[in-house]
Amino acid sequence: MGSRFDLQVNGYLGVGFSDPDLTEAGIRATFDSYLALVDGFLPTVVTSPEEVYRRNLPLLAKAMAEPAYAARVPGLHLEGPFISPEPGAVGAHCPRSVRDPDPALFERLLDYADGRIKLLTIAAERPGSDALCRHAVAAGITVSLGHQMARYDDLCRLRDAGARLLTHLGNGMPNTVPRHDNSLLAGLAVDGLDPMIITDGHHLPDHVIKVILDHVGCGRAIVTSDASRLAGLPAGHYRDGENQVVIEPDGKLWNPEVGCLVGSSAHLGQCADRLRQLGYSEADLTALTDTNPRRAVG
């Protein structure tokens, strides 16, 4: 199977790390379930009201400090709340909980998490994003850019402020974008930003995966699952926060009412299987799903 390290796991088997009723028992059960599939991962908390961060981040930090998890669950990924509220770019995040980049709020989140934030996703075009990026990087946190309306100049400015990654490049963006200067093409063009991509068979068509990996190389790109709280559950209809969602028999997890994906129903091993079917070697898979993600937050 090979070693796997997943930079974005939102939950698994019905438990989400952003759930307002998250419990210590639920965290441990979810850690155990996902660690049976990978060697390590970053629990991810998505855009939420501050009271959810205040409640959930200490619970997650406490579990992560336990000897059973400390080495394999070494930090948190915060995807938001400093992202774009625009339709398409905001994805399945709640736009009412999106916040402008705010170092003071970020410091509170870092305190709630007992300093255990390893990765922060923000939108490059938001006012103050470069100042927040520098603040987070100075604290030893890797900054990634995603769920954004960013253009080339925005990405260059944030790269120069210390950002290193692009969160699930090709997703978290509107279906209709400017023809040439958009976050996908700009992400491929800006040197120094390594893309994370989701290869679950639904987030990106095979030809887009090929374009991204051919361009940046398997020595730079990162594959992540974006596993939803519903990942691992059977096909059917579910409620996920404010979203009425469907897991299709082929694994597609989406909200048919608005036509958007709501995370992935796959785990990282299944994402690697998809790349194997596309002809990528075991050495490529190790780089994409283990070596590169570990280096990015190491």
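**Cysteines, cores and loops**

Me: How many disulfides does a search of the whole structure find?
Reply: This is a predicted model, in which local features need pLDDT of at least 70, side-chain atom pairs count only at pLDDT 80 or more, and totals for chains, interfaces and linings use all residues. Residues are numbered from 1 along each chain as its sequence is written, and side-chain values use heavy atoms, without hydrogens and water. For disulfides (a pair of cysteine sulfur atoms within 2.5 Å), the search of the whole structure gives a count of 0.

Me: Which cysteine sulfur is nearest to that of Cys 260?
Reply: Cys 260 is in no disulfide. The nearest cysteine sulfur is 13 Å away and belongs to Cys 94.

Me: Is Cys 260 buried, partly exposed or exposed?
Reply: The scale is relative accessible area: buried is under 20%, exposed over 50%, and partly exposed in between (1.4 Å probe, protein chains only). Cys 260 has a relative accessibility of 21%, so it counts as partly exposed.

Me: How far is the sulfur of Cys 271 from the closest cysteine sulfur?
Reply: Cys 271 has 0% relative accessibility and therefore counts as buried. The closest cysteine sulfur is in Cys 218, and it is too far for a bond because the separation is 15 Å.

Me: Which residues have the most contacts inside the largest nonpolar core?
Reply: A nonpolar core is a set of buried Ala, Val, Leu, Ile, Met, Phe, Trp, Tyr and Cys residues joined through side-chain atoms within 4.5 Å. The largest one has 70 residues. Within this core, the most contacts belong to Phe 31 and Leu 145.

Me: Which leucines does Leu 145 touch, not counting residues up to four places away in sequence?
Reply: Contact means heavy atoms within 4.5 Å. Among the residues that Leu 145 touches are Thr 121, Ile 122, Ala 124, Ala 163 and Thr 167.

Me: How many residues are in the second, separate core?
Reply: Its members include Leu 165, Met 196, Ile 222 and Ala 296. The size of this second core is 9 residues.

Me: Which helices do the buried residues of H5 pack against?
Reply: Helix H5 covers residues 152-160, and its buried residues are Asp 154, Leu 155, Cys 156 and Leu 158. They pack against strands S6 (117-122), S7 (142-145) and S8 (165-166). The helices they pack against are H4 (129-138) and H6 (183-189).

Me: What is the phi of His 147?
Reply: His 147 is found in the loop between S7 and H5. With 6% relative accessibility, His 147 counts as buried. Its phi is positive, in a residue other than glycine, and lies near 45 degrees.

Me: What is the phi of Asp 226?
Reply: Asp 226 is in the loop between strand S10 (222-223) and S11. It is buried, at a relative accessible area of 7%. Asp 226 is a residue other than glycine with a positive phi, near 55 degrees.

Me: Is the peptide bond from Gly 80 to Pro 81 cis or trans?
Reply: Pro 81 is placed in the loop between strand S5 (76-79) and helix H3 (103-112). Omega for the bond from Gly 80 to Pro 81 is near 10 degrees, and the bond is cis.

How values were computed
Helices (H or I, at least four residues) and strands (E, at least two) are DSSP runs, numbered from the N terminus.
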